[in-house]
Amino acid sequence: MDITLYFIIATATVLGFLYVFRKGNNFIVYEDINGAQILKDEEFRIEGKPDQILKNRRFVTIIEVKSKFIPNNQQSPYSGDRMQLAAYMKIAENHFGRVKGGYVSYKNRSFYVPWNWFLKRELKRTLQQMEDAETGKPMRVKPQKQKCYACVYRDRHCKIAK
């Protein structure tokens, strides 16, 4: 398929979300466009630019649009995309108020991810693991061919992949 068709499908998906959210009196409070401010969270020491943040009277919703497909039989978003959305939800919580959840939108499907204490705890653990890996501390890992192949630590710290 042509790249233009993919762009049209992604745009239509985002516009569909916006239509549904506007009916609920949601409005865009942040959008990742040229010159958009980088949002930061000092507690978790993370920063980023989510694609969109919507807000109504009671809560905030994050939308993250991905440019890839996901298998139709998969029941949840990829774990890395889920953690990225979780980081954006934590950041948005500090800047815009109470976060209810967010959407990861792939080219062929979308998933709703609720913001709860389970996800917050998982985000904290993941960030701690990343910090430990950066400092060279020994880590427990389950080697997986696909993940190890793309890992930035494979050549620097990892003894499993060598």
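## Lys 137 and Asp 132

At 48% relative accessibility, Lys 137 comes out as partly exposed; the scale calls a residue buried under 20% relative accessible area, exposed over 50%, and partly exposed in between (1.4 Å probe, protein chains only). Its side chain pairs up with that of Asp 132 in a salt bridge, 3.7 Å from N to O. The term needs a side-chain nitrogen of Lys or Arg within 4 Å of a carboxyl oxygen of Asp or Glu. Asp 132 itself is buried, at 18% relative accessible area.

## Ground rules

This is a predicted model, where local features need pLDDT of at least 70 and side-chain atom pairs count only at pLDDT 80 or more, while totals for chains, interfaces and linings use all residues. Residues are numbered from 1 along each chain as its sequence is written, and side-chain values use heavy atoms, with hydrogens and water left out.

## The overall layout

The chain has four helices and seven strands, running α-β-β-β-β-β-α-β-β-α-α along the sequence. Those elements are DSSP runs numbered from the N terminus: helices are H or I with at least four residues, strands are E with at least two. Of the 162 residues, 33% count as buried.

Contacts here are heavy atoms within 4.5 Å. Taking those between residues at least 6 apart in sequence, 58% join residues at least 24 apart.

A search of the whole structure turns up twelve salt bridges. One of them joins the side chains of Glu 131 and Arg 45, at 2.0 Å from N to O. That pair ties together distant parts of the chain, 86 residues apart: Glu 131 sits in helix α3 (residues 117-135), and Arg 45 in the loop between β2 (39-41) and β3 (46-48). Glu 131 is partly exposed at 34%, whereas Arg 45 is exposed at 61%.

Glu 93 and Lys 90 also meet in a salt bridge, 3.8 Å from N to O. Both lie in helix α2, three residues apart, or about one turn of the helix. Lys 90 is buried at 4% relative accessibility, while Glu 93 is partly exposed at 24%. The two belong to a salt-bridge network that also takes in Asp 41, Glu 43 and Lys 120.

## A buried glutamate

Glu 64 lies in strand β5 (residues 60-65) and is buried, with a relative accessible area of 5%. Leaving aside neighbours within four places in sequence, Glu 64 has contacts that include Pro 50, Gln 84, Tyr 88 and Tyr 103.
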